[in-house]
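Reader: Got a structure open and a few quick things to ask. Can you walk me through it?

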Amino acid sequence: MPTMSGIKKRTRRSVYDFIREQRMTTKGEIAQVLGISLPTVSKYVAHFLDSGLVAQGAKLSSGANGGRSPIAYTWVADGRLAVGVDITRDGVTCVIINLAREVLFSRHALRDFERSEEYFEFVGKQVETTIAEASIDRDRVLGVGVAVPGLISEATGQVTYGRVIDNYGVTPADFGRYIPFETRLVHDSDAAGLAEFWPSHTVENAFYISLSKSIGGSVLIRDEIYRGDGEFAGEIGHLRIHVDGLRCYCGQKGCVDPYCNASVLSSRANGSLQEFFDRLAAGDPAITEVWDRYTADLARAIHNIRVLFGCTIIIGGDVGAHIDRHMDGLRSKVDCLSFLASHSETFLIPCSYTNHPIATGAALYLVDEFLQDLGPVQPTPGGTSGRALRPTGHLGPVGQSPAGDAAAAAGLPRGSIHASSRY
Ligand SMILES: [Zn+2]
């Protein structure tokens, strides 16, 4: 099997990243900025053109010195696509994203989770329907990331803890039997964190709190998502904030989850978070009281995270998508708990990515893997976006990989449209 050397892969990745960051460039500019010979640049550009990752643009003006007009090459954001699926207790959301983290299409269906072949088949049909309705080129699909509430083993890729929807032991193959693409299982709050941190971010260290139907967290340390020695680092939903408090689904009492999951709010407003925040903005007294209690509990969790990590804390998930105009009250509660003369506006922020973050993040796992397969990141003068957020080789096994096997046999990254060994 032909394999590329590490240096060649690094060069290939740096050429790709440069075109992506510049959006439009010429071979001469790539060679000059990256310090690579023109024949080498031509080889990689030809490969990217062949595989649909780069397109040829217009001829540029030759400039004052005359000579042949250089050809512009543009990055193709839709060169590869990935499907993300967000599985919750009562619904399935599918999205299709491109390499720029843009959601091209989304679809939601109501369906209660159940451990049955009928359910897995239903999810497979949702994926197929989403792809058909979006009218995308199937050959460009890298695979499907399925986000579930539950901890995922990095070694086996299966759910090792799944009390939110009773999905313990579910494997990628359970879904993969009905999905004709490479299929991965992803922890939902890790997915949301990946969507938030992708592709570039202004902080090196951050804690993302996912406040959705259940609560999770994702920790970014020195630009990499940290998972600890096991699979549960950042599981903030089970931080104990009340002695002998409300019963959590985990079996313990007083965890953050039963106080701060999104249902605590939506259950007071006909199941709608939007309605809850509309009524909060309108000054509804009963809703204001619920919010006051909710933020008091959330502030405790935030304070504890701040003491442990001392980093930026991002409020995300379904609640985070609505919280922007209500941050001041939350920040004052956090400040009251601090042992320092702290001002939480310096570290406590609402999430910036709110468009189906869990499903999008699940799909980004496939994009991340595709980029890592292109080659290791090399910092370039054009910027640092595109760096790996997760360590290489920490993905679980796949469900099915019909296209990936052929690509792997040709020494190509998965999802390459035209297998070629010329580069
Ligand atoms: Zn708990």
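Reader: Start with the helix pair. At what angle do α1 and α2 pack?
Author: This is a predicted model. In it, helix α1 (residues 6-22) packs against helix α2 (residues 27-34) at about 120°. Their axes are 11 Å apart. That makes α1 oblique to α2.

Reader: Which hand is the crossing of α1 and α2?
Author: Right-handed.

Reader: And which residues meet there, α1 against α2?
Author: From α1, Ser14, Val15 and Phe18. From α2, Ile30, Val33 and Leu34. The contact has 5 nonpolar residues, 1 polar and no charged.

Reader: Switching to strands. In what order do the 5 strands of the open sheet come?
Author: The order is β6-β5-β4-β7-β10, and the pairing is mixed.

Reader: Which strands stand at the edges?
Author: β6 (103-110) and β10 (183-187). Each has a single partner strand, so one side of each is left without a neighbour in the sheet.

Reader: By how much are neighbouring strands of this sheet turned against each other?
Author: By 20° on average, ignoring direction.

Reader: How many bridges hold β5 and β6?
Author: Strand β5 (residues 91-98) pairs with β6 over 7 bridges, in the antiparallel sense. Take Cys94: its bridge partner in β6 is Arg107.

Reader: What does helix α4 touch on that sheet?
Author: Helix α4 (residues 117-134) packs on the sheet and touches β4 (81-87), β5, β6 and β7 (141-148). Its direction makes about 140° with that of β6.

Reader: Which strands does α6 lie across?
Author: β4, β7 and β10. α6 runs at about 90° to β10.

Reader: I clicked on Leu194. Where is Leu194 placed?
Author: Leu194 sits in helix α6 (residues 188-197).

Reader: Is Leu194 buried or exposed?
Author: Buried, because 31 other C-beta atoms lie within 10 Å of Leu194, and the cut-off for buried is 20 or more.

Reader: How far apart are Leu194 and Gly361 in space?
Author: 5.4 Å, C-alpha to C-alpha. In sequence, Leu194 and Gly361 are 167 residues apart.

Reader: What about contacts across the chain: what share join residues at least 24 apart?
Author: 63%, counting contacts between residues at least 6 apart in sequence.

Reader: Backbone check next. What is the phi of Asp223?
Author: Near 70°, a positive value in a residue other than glycine. Most residues other than glycine have a negative phi. Asp223 is in the loop between β12 (215-221) and β13 (224-226).

Reader: What about the phi of His356?
Author: His356 is not a glycine either, and its phi is positive, about 50°. His356 is in the loop between β15 (348-350) and α13 (357-374).

Reader: How many other C-beta atoms lie within 10 Å of each, Asp223 and His356?
Author: Asp223 has 16, so it is partly exposed. His356 has 22, so it is buried.

Reader: Back to strands. Which way do β1 and β3 pair?
Author: Strand β1 (residues 24-25) and strand β3 (residues 71-75) pair in the antiparallel sense, over 2 bridges. Met24 has Thr74 as its bridge partner in β3.

Reader: And how many bridges between β2 and β3?
Author: Strand β2 (residues 54-59) pairs with β3 over 4 bridges, in the antiparallel sense. Here Ala55 has Thr74 as its bridge partner in β3.

Reader: Last one. How many helices and strands in the chain?
Author: 14 helices and 15 strands. The chain has 423 residues, and 44% of them are buried.

Conventions. Residues are numbered from 1 along each chain as its sequence is written. This is a predicted model: local features need pLDDT of at least 70, side-chain atom pairs count only at pLDDT 80 or more; totals for chains, interfaces and linings use all residues. Axes are lines fitted to C-alpha atoms, for helices over the stretch in contact, and angles run from 0 to 180 degrees between N-to-C directions. Angles under 35 degrees count as roughly parallel, over 145 as roughly antiparallel, 65 to 115 as roughly perpendicular and the rest as oblique. A crossing is left-handed if the near helix is turned anticlockwise from the far one by less than a right angle, and right-handed if clockwise. Two residues are in contact if their C-beta atoms, placed from the backbone, lie within 7 Å. Ala, Val, Leu, Ile, Met, Phe, Trp, Tyr, Cys and Pro count as nonpolar, Asp, Glu, Lys and Arg as charged, and the others, Gly among them, as polar. A residue is buried if 20 or more other C-beta atoms lie within 10 Å of its own, exposed if 12 or fewer, and partly exposed in between; C-beta atoms are placed from the backbone. Two strands pair if DSSP finds at least two bridges between them.
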